[in-house]
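Take a look at the protein below. This report goes from the whole fold down to a single residue.

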Amino acid sequence: MIRAKISLAAILICLFAGAQQPQAKHDPSFQHIAGELGFLSSDAMHGRGSGTPDELLAATYIASELMQAGIAPAGDNGGYIQDVSGTFPFRTGPKAWHTRNVIGVLRGHDPKLRDEVVLLTAHLDHLGIGKPVNGDEIYNGADDDASGCVAVLQLARTLAAGKPPKRTVVFTFFGSEETGGQGNQYFLEHPPVPLKSIVANLEFEMIGRPDPMVKADELWLTGFERSNLGPELAKHGAKVVADPHPEQHFFQRSDNFALAKQGIVAQTVSSFGLHKDYHQPSDDLAHIDFHHMESAIQSLVGPVQWLANSDFKPEWVAGKKP
Ligand SMILES: [Zn+2]
């Protein structure tokens, strides 16, 4: 989207446009998804650049939504935000960096299973303001990864509204994924729960459009063949299949990978069909398929509820642990 002069009117127009774009359905969860994605990927958010005040604004919005959903804070000082600062490795070498993660927790109620954690994650940031393409300098990141943030928020709302799960569920929104995963690295060094207690991590990345390489209502799971998590989720109703783009090495390309390297069964749910708007200013609201996104999120509610109430512990397939 083309950068608008920021005034209250512009913000309201962005919100209005975001909420009005999909007109086909009058169902509250559909409108919620569309409105929320419209805000996070609006020009007012300036593309949520890694480590910028815009990324902090996205973090603050998400924290507020978690609070309204009844998810407890698990960030710093009794809040949802985990402040991330220090010197981090970048492609060009070590650099001082400041970003934020957002962390919330829904405590499990089963005396045995509540010490086991299901971790649901997405990333807050995108590329911010950059080189203009066709006069547009805002890299909105509607699919990457506002769609994943909305999915995790919707799962948080659904899980919090129902009977408390047996296991504990932690919801984390990482800052600065696009610059190399600095938020994720800090999270691993300062985890809100012992890393050993995390039985599975599902990262949600780019579910805003269907992938023509799989069936219209299917999602894929990176590293599907590496663990028994995908097949078990599929048995419990998830429409997840193997990643049809193994040559892209997506398993290694998102925040799940750093967790997987710690031994946690950590994989990414996506339906990225290698569209040409990836990492372009045109990854915007106009290119989101809301029907696909709503059914994608909806299809995962049951399987995630099952995982949060099960004693099934996913395991790596022999020789496939990274
Ligand atoms: Zn991403």
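## The whole protein

Helices and strands here are DSSP runs, numbered from the N terminus; a helix has at least four residues and a strand at least two. By that rule, the protein has 8 helices and 11 strands. Keep in mind that this is a predicted model.

How does the radius of gyration fit a compact globule? For 322 residues, such a globule would have a value near 20 Å; the protein has 18 Å, which agrees. Along the principal axes, the C-alpha atoms fill a box of roughly 55 × 45 × 40 Å.

Of the 322 residues, 50% are buried. Take the contacts with a separation of 6 or more: 77% of them are between residues 24 or more positions apart.

Helix 4 covers residues 142-161, and helix 8 covers residues 290-309. Their axes lie 10 Å apart, and the helices pack at an angle of about 50°.

Which residues make the contact? Helix 4 supplies S147, A151, Q154, L155, T158 and L159. Helix 8 supplies M293, I297, L300, V301, V304, Q305 and A308. Sorted by class, the contact has 9 nonpolar residues, 4 polar ones and no charged ones.

Look at the spacing of those numbers along each helix. An α-helix has 3.6 residues a turn, so residues three or four places apart point the same way.

## A buried loop residue

I207 sits in the loop between strand 8 (198-204) and strand 9 (219-221). Is I207 buried or exposed? Count the other C-beta atoms within 10 Å: there are 26. The cut-off for a buried residue is 20 or more, so I207 is buried.

What does I207 touch, leaving aside neighbours within four places in sequence? Its contacts include S147, G148 and A151. M293 and A296 are also in contact with I207. F173 is 34 residues from I207 along the chain, and their C-alpha atoms are separated by 16 Å.

Helix 5 spans residues 182-189. Its buried residues are Q182, G183, N184, Y186 and F187.

What do these buried residues pack against? Three partners are strands: strand 2 (81-90), strand 3 (93-106) and strand 7 (168-174). Helix 7 (256-261) is a partner too.

Note on methods
Residues numbered from 1 in each chain as written. Predicted model: local features only at pLDDT ≥ 70, side-chain atom pairs only at ≥ 80, totals over all residues. Axes fitted to C-alpha atoms, helices over the stretch in contact; angles between N-to-C directions. Contact = placed C-beta atoms within 7 Å. Nonpolar A, V, L, I, M, F, W, Y, C, P; charged D, E, K, R; others polar. Rg over C-alpha atoms; globule rule 2.2 N^0.38 Å. Buried ≥ 20, exposed ≤ 12 C-beta atoms within 10 Å, placed from the backbone.
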